Amino acid sequence: MKEVNLKDYTFSGAEHGQIADLRTLDNSDKDRILHAGVDLDHGEGSALFMQMDQSTVHCETRDPGVELLDINVAMKRYDGLPGYAWNNVDRDKDEFTRAVAAKTHGGYFVRTKPGAIIKKPVQSCLFLKADRSGQNVHNIVVVEENSEVHIMTGCSTAHGETHGAHLGITEFYVKKGGKLTFTMIHNWGEGANVRPRTVGVVEEGGVFQNNYVLLSPVGTLQMYPTINLNGRGGIARFNSVIVTPKGSHVDAGNRVIMNAPETRCEIISRTITTGGVNIARGHIAGHAVPCKGHLECKSLILGGGQSLAIPELDATVEGVDLSHEAAVGKIAQDEIEYLMARGMDEAEATSTIVRGFLNVDIMGLEGPLAKSIKNQVAQIDARAF
Amino acid sequence: MLKIEDLRVSIGDKEVLRGINLHIREGETFILFGPNGSGKTTLLMTLMGFSGYNVTGGRILFRGTDITHMPMYERARLGIGMSFQRPPTIHGLKTRDLVRMCSRGHDVDPDALAGKVNFSEFLDRDINAGFSGGEIKRSELLQLMAQKPSFVLFDEPESGVDLENMQLIGKVVRRLLDGEVDLPPGACAKPLKCKLRTSGLIITHTGYILDYINADRGQVLYQGHLCCEARPRDILEHIRSYGYQECIRCLDEPTPGRVVL
């Protein structure tokens, strides 16, 4: 992994004032954000948050069942959020966590009311606009007992050429019977270095569902979000779709630690390397019985690059049920010819197979987000072939 | 419609088809018999344009156009369709979506078509994933119904199919060959149907499919040569009684390729 030198970026001076109406942003910015899955012109979320460079510029709640605050405001209001802030993530883990702990520019605090079912997603947008600036973000999500929420977060730079560093700490707390769906779309650029640090805890009967999509170039990205299933019957699912074009270096994986009986997890990743480097990690640990976990990483190399799959299973008790399936493959000629016999030319046939391989349908996303992803998948094909 | 002239095809170093001449006319259904390894599937694959089947001599004309070296998708767009015997699974591609793609922009109702082959419950499954023999046949027919080819290649439509499915498949194959169209009520179907009759080339081992379709002509393919042209039922009777050994004798006759059985 290429190192990030934080000294290359300025961590102050890129401040912005409040933006009351995000529809007033430049069309080009809005378009970039749309590609990260957030439609600011037709946004219908239950809450809307935006971080631009080193400031929270928008923070708005439209549903009484969900609380949304800038992280610094929340820390002040709730006496440093004891039990939540830096509880899952160790602030001394690495230079990135230390940087955010030393100076937190912003980020969101989301908390549902117990029992509240939040029908519309909470939308969040983390945006790098200024060149050569760094963004230190700390997010905390608390899903109270028996409540449900979907957070859609889009991370983007203003241009494909923007140089920037995004350091993002995220801590999830899913209480008893709660359900959190967390969908993250990244739309960076070749100049962006991205270091998310994410750890979550799921209590009894809680469900954590994570969808991650990266279809555009990124300079370097390294992350290994981890979920601890600490209560009986907890469930975690990760679905990731990652494409690494030339110049992109992605080292990304998911980790689930099953610490309680009757827990289950599934980690599924689909990656395509079109000239870049992709390291697909996966780790499932079973420390209680019964528990069941499955890890699946499938990769395609189309036109060069490197694909390295590192699946790990760690069991410490008799009776755990863990499995993994890793494959680096190619597009089979018989599949292409099957579709060509139906009248598709070779490019159409190949992109149809690639779309199927990426299988973004599995995330069950709808509306402009699904459309945006579909368009982007079509564009990958054009680039790759 | 389809004219094959002195076609020679090799797979690797091995010559499999050794000078095939065949003319299938507009609206005609032609049945191809032959023992395993005789080159039947090679002929179908070559007509469709699969890679690995090297044409070393002769040519293929479809409606007057030389398609011998045409890419597969262009042949499909000219109106040639094929039912696969062992189609590949494509993960993440729903049967429903593939049916739509087969129609190439024409209006198609996957649900209505699937109803006709008793396949509705498979529309939202990945194409060919875990399909049984009979399910593959129905899926292939469903795709062909959407594709609406004017010339259909069937590779053993009865293989791996139980008797119950055979009846359904036989009927659908017949409808496909009869050029089924959806007519407005009251319209006279007869002249239109005659005009739209689809041509077909069918490989069969068992001959079960003959119970359902009107096959006009048939021939035996033996060791890369065509011989014994006759009515398909007569050929079948003959093979059932004497096996393919008789074909060797037939090939040795002074005028190979034509004997009255």
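User: In which sense does H4(A) pass H5(A), in a left-handed or a right-handed crossing?

Analyst: This is a predicted model, in which local features need pLDDT of at least 70, side-chain atom pairs count only at pLDDT 80 or more, and totals for chains, interfaces and linings use all residues. Residues are numbered from 1 along each chain as its sequence is written, while chains are lettered from A and ligands numbered from 1 in the order in which they are written. A crossing is left-handed if the near helix is turned anticlockwise from the far one by less than a right angle, and right-handed if clockwise. By that rule, the crossing of H4(A) and H5(A) is right-handed.

User: How are H4(A) and H5(A) oriented to each other?

Analyst: Helix H4 (residues 333-340) and helix H5 (residues 346-358) of chain A have axes that come within 9 Å and cross at roughly 120°. Axes are lines fitted to C-alpha atoms, for helices over the stretch in contact, and angles run from 0 to 180 degrees between N-to-C directions. Angles under 35 degrees count as roughly parallel, over 145 as roughly antiparallel, 65 to 115 as roughly perpendicular and the rest as oblique. The relation of H4(A) to H5(A) is therefore oblique.

User: How many residues of the contact of H4(A) with H5(A) are nonpolar?

Analyst: Glu335(A), Ile336(A), Leu339(A) and Met340(A) in H4(A) meet Glu346(A), Ala349(A), Thr350(A), Thr352(A) and Ile353(A) in H5(A), contact requiring C-beta atoms, placed from the backbone, within 7 Å. Two of the residues in this contact of H4(A) with H5(A) are polar, two are charged and the nonpolar ones number five.

User: Which strand gives the most to the side of domain 1 of chain A that touches domain 2 of chain A?

Analyst: The domain assignment divides chain A into domain 1 (6-330) and domain 2 (331-385), and their C-alpha centres lie 26 Å apart. Their contact takes 21 residues from domain 1 of chain A and 19 residues from domain 2 of chain A. On the domain 1 side, two or more residues come from each of helix H1 (27-35), strand E11 (207-214), strand E14 (235-245) and strand E16 (263-274) of chain A. With four residues, the element that gives the most is E14(A).

User: How many other C-beta atoms lie within 10 Å of Thr244(A)?

Analyst: Thr244(A) is found in strand E14 of chain A. Excluding residues up to four places away in sequence, Thr244(A) touches Val250(A), Thr273(A), Thr274(A), Gly276(A), Val277(A), Asn278(A) and Gly305(A). A residue is buried if 20 or more other C-beta atoms lie within 10 Å of its own, exposed if 12 or fewer, and partly exposed in between. Thr244(A) is buried, its number of such atoms being 29.

User: How many of the nine residues of helix H1 (residues 40-48) of chain B are buried?

Analyst: Among the buried residues of H1(B) are Lys40(B), Leu44(B) and Met48(B). Gly49(B), with a positive phi near 105°, follows H1(B). H1(B) is largely enclosed by the rest of the structure, because its buried residues number nine.

User: How many residues of chain A are in contact with chain B?

Analyst: On the side of chain B that touches chain A, helix H2 (72-78), strand E7 (90-94), helix H3 (95-102) and helix H5 (133-147) of chain B each supply at least two residues. That side of chain B divides into 13 nonpolar, five polar and two charged residues. The 20 residues of chain B in this contact meet residues of chain A that number 18.

How values were computed: Contact = placed C-beta atoms within 7 Å. Nonpolar A, V, L, I, M, F, W, Y, C, P; charged D, E, K, R; others polar. Domains from an automatic or database assignment.
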